[in-house]
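Biologist: I have not seen this one before. Can you walk me through it?

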Amino acid sequence: MAVKEWEEAGWTDSEREEACRALAALIREQSQAGRLCHPEELRAYLAEKGFTGLGAGEEEERAKLLEEVRQRQEDIRSLPGPDGELRYYSLQYMSESYARLLVRREGDPLLLIAETVRESSALYPRPVPASFFTGPPFELTEEELHACLESMASREEYGDIARTTSSAGTVFLYSTRHLDHGYASFLAEWLDVGQAANP
Amino acid sequence: MAKTATRYGGWAGKVLRVNLSTGKIWTEDTIEKYKDFLGGTGIGYKVMWDEVPPGTGPFDPANKIIFGVGPLAGTGAPCNGRTAITTLWPTCWPKPLVATGHMGGHFAAELKYAGYDAIVIEGKADHPVWLSIVDDRVEIKDARYLWGQGIRRTTVEICQELGPEAAVAAIGQAGENLVPMSVVINSISHSAGGVGAVMGSKNLKAIGVRGTGSVRIAGNKEEWEKLIKYHLSLLGANNQHVVPATPQPWAEYSSPGSRWVASRGKAWGAADPPLETGTCDPHDLNRIAYRTNNAAFYLGDLAWQYTVRGNGCTGCPIRCHTIIRVPSAAAKYGIPEVLQNTCAGLMFGRSFFKNFPDGPRGQTAIEACMVGMYLADDLGLWCNYGQLQRDFQKLYYEGIIKSKVGGDEYKRYSWDKYEKGDPTFLFELLPSIAYKKGELGTALGLGTGYLLERWGIPEEEWKRDHNLTYWKMGHPKHHSVEDAGQCGVIINTQYNRDVQVHSHTNFIRNGLPLEVQKRLAAELWGSPDAVDAPGNYTPMNVYKARMAKWTLLRKELHDSLSLCNWMGPWVASPLKERGYRGDDSIESLLYSLATGDRKTREELDQVAERIFLLHRALTIRDMGTKEMRTQHDTIPEWVFEDPSGKAPFTPGTNRMDRDDIRKAMDMYYEEMGWDKTTGAPTAEAYRRVGLGRVAEELGKKGLLP
């Protein structure tokens, strides 16, 4: 951002730098605690710290300020949330993949499950225990998870999300786009029973 | 300290020699005689080659038992707590051959602080004794008051005499009664299988050691501190799993199969107050010990509430032994409510049962683990990597026990309790094995090979059974086809017991995506094709043979330096900024700085090859044949079958292809520079690693290809 614009907003250069550092520190703090930083938290923080006076076009100025934070602080990244607004995180404390999980969690839980399962089936490749979604950072209740899986079973867009159960009774999810049933079942058994039985 | 040792750091400088027949105690200079073999298994194989003639039996006074540690034991190097115990293996069938058992705990460090790199025991005492070592004061003491006692009581009694800091390696009643399936245990739960009865045959109940010295680091101390920090930064969780089991904020990847189970919301529930393990960022070196909870990994989520904390070996932040407090086990079975162990030791009791009333991860299963640990770790019983329990299930459910054991004896066991998964059944079975009670107890204590022979069951039957995972020579597979396919198969052909090799599995199971593993594999072994996804194998190639060689040599290197092969090598790390690379030179960096004997990675690997070839030479000499490929390096039938009929090289099977495995063995022998037809090292292969005299001796016996 040009100095002139900042001057028009009523801030000195050092104030601007201080604001960027303060915002980055907040984003890092949130990331360290396993949370994304939402725009409203940043706004509230700026107000609390007395960084006011952005004047007319305040929203636009704020966006520019956050963009500057990203430029000045190499570890600060953003991802668009389901509402279109950016979420901020620090690579120093949070991976991009974890940030993606958190963004997904804000949206449709069915999509959250499907996208996470597809990613795992393609990347590692391996199936995901259904219980994965009841622990951090997803924290669905058993009832919510059950309802999601029931709902997904009848929705065409989730037709690739399939289940297999290990001999210990653990339900795993996988995507048929990336794993066939036989291999997914083999991997589920290996992950859930085989590895512990072959210590 | 011996004069020559002053040139070097790391080594204590002396090997302690004890003849129990004569009572003679003396020392040898480590550097003069054993430096080229480092320590640990290296010293063990050297003593066995030089001093124990072929044809010696495991329980003969002429057999020797070597407790060997390495130059890194007792230093600040991470994961330095391993003691290698080398002797003739009583469960090796049909003929006992050389093998080693491995225990962690504090024995290795304490031995170094007392001034020794190894203890070599020979002969046989004329009454039960224990060996007392307090620095240079070494005495053979009367152990008649300890004979018949369990390992816990023995440990306490000796610690009362030597002080609470002493490390005590003791046998239980199983070892005293010459039960081949017996262990020696130090530091409560750190066992080495297979050697308890060899100590028992020498009337040696225990070794208590207390050292007040230290281990000198030859190099610059600041550099050493820096190196230790660097090594710590590369550590993962137990078995060097480098990604967490569940998503953590800092982590790019996770794997449900990882032993890095720490997470927000996962707490050591029996700690006071309960301690949340948290997210455990890998850069926080003060929280490494929170990453692993092997009770939770093996016994299920229920174990979190019983977890007191992790425990482990000298210098190791991993703490893979989990201390658990299960009050219901104390109330129901009259056993201590706090016990500890890891892996197969943790599951010792549970593994006998096929069913439990509340499932395999329920309360009863945990109580069976408690009863099993209590009995096995006091009686000193060995499970042979779970083969004892797998054998037992097959023998019972196929009616073999009923047919082989006499009617009255059979009826004395509460089989209804066994079938229902009642842990009290273990109070009937396990003491029977330790005391050789009746036919069943005696047969189970022999080890698989001798049990099958005694009961007239062809070994081939065991080699066909997929569920038994029996491999050969009385022992099971240990990280074979399921870990790195052909590489795992090759490794499992090489030893005279279940192979204690983890270099490959620690890489394959590290939890990283296949693409990342392949990138690292290309750097380590020359091509991404060295590794495959689990159960989705591709045909053999030379890079897999290189990986197999590396895997074996690193095992011997670790066992000779006292580094833990259940953790290393450290060729992957949890660090994204390093591209998840570890450092394949960490062993040589530690060795060079600690000892002052500068060696590159390649030079140290050559020493490891020397040690490995000496094991091969011992096996060839004592078997009396060079036909290793057909007589020793054998592969069981189940490896070439799949229960669901899947073909080799299709996704979802570990089944191997016969022709491909023949090719794999060819490539492995070539990689080692051995003769492909016999599978025996050539004279040149021995000479290349400085074993020319070994080659000469084998040549005179017609045992060179």
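**Strands, domains and contacts**

Modeller: Strand 16 (residues 321-325) of chain B pairs with strand 17 of chain B in the antiparallel sense, over 4 bridges. Strands here are DSSP runs of E with at least two residues, helices are runs of H or I with at least four, and both are numbered from the N terminus. Two strands pair if DSSP finds at least two bridges between them.

Biologist: Before going on, what kind of model is this, and how are things numbered?

Modeller: This is a predicted model: local features need pLDDT of at least 70, side-chain atom pairs count only at pLDDT 80 or more, and totals for chains, interfaces and linings use all residues. Residues are numbered from 1 along each chain as its sequence is written, while chains are lettered from A and ligands numbered from 1 in the order in which they are written.

Biologist: Back to strand 17 of chain B. Which residue stands opposite B:Gln340?

Modeller: B:Ile323 does.

Biologist: What holds strands of a sheet together in general?

Modeller: They pair through backbone hydrogen bonds, parallel or antiparallel.

Biologist: OK, domains. How is chain B divided?

Modeller: Into domain 1 (3-210), domain 2 (225-471) and domain 3 (478-700); the bounds come from an automatic or database domain assignment. The C-alpha centres of domain 2 and domain 3 of chain B are 27 Å apart. Their contact takes 26 residues from domain 2 of chain B and 34 residues from domain 3 of chain B, where contact means C-beta atoms, placed from the backbone, within 7 Å.

Biologist: Which elements give two or more residues to the domain 2 side?

Modeller: Helix 7 (221-234), helix 20 (459-464) and strand 18 (470-472) of chain B. Helix 7 of chain B has the largest share, 4 residues.

Biologist: And chain A, how many of its residues touch chain B?

Modeller: 29 residues of chain A are in contact with 29 residues of chain B. On the chain A side, helix 5 (96-106) and helix 8 (181-197) each supply at least two residues. Helix 8 of chain A gives the most, 9 residues. By class, that side has 19 nonpolar, 9 polar and 1 charged residues. Nonpolar covers Ala, Val, Leu, Ile, Met, Phe, Trp, Tyr, Cys and Pro, charged covers Asp, Glu, Lys and Arg, and the others, Gly among them, are polar.

Biologist: What about confidence in chain A?

Modeller: The mean pLDDT (the predictor's confidence in each residue, from 0 to 100) of chain A is 89, and 90% of its residues reach 70 or more. Over residues 1-5 of chain A the pLDDT is below 50. Where pLDDT is low, the predicted coordinates should not be read in detail.

Biologist: Last one. Is A:Ser14 buried or exposed, and why?

Modeller: A:Ser14, in helix 2 (residues 13-32) of chain A, is exposed because 8 other C-beta atoms lie within 10 Å. The cut-offs are 20 or more for buried, 12 or fewer for exposed and partly exposed in between, with C-beta atoms placed from the backbone.

Technical notes. Contact = placed C-beta atoms within 7 Å.
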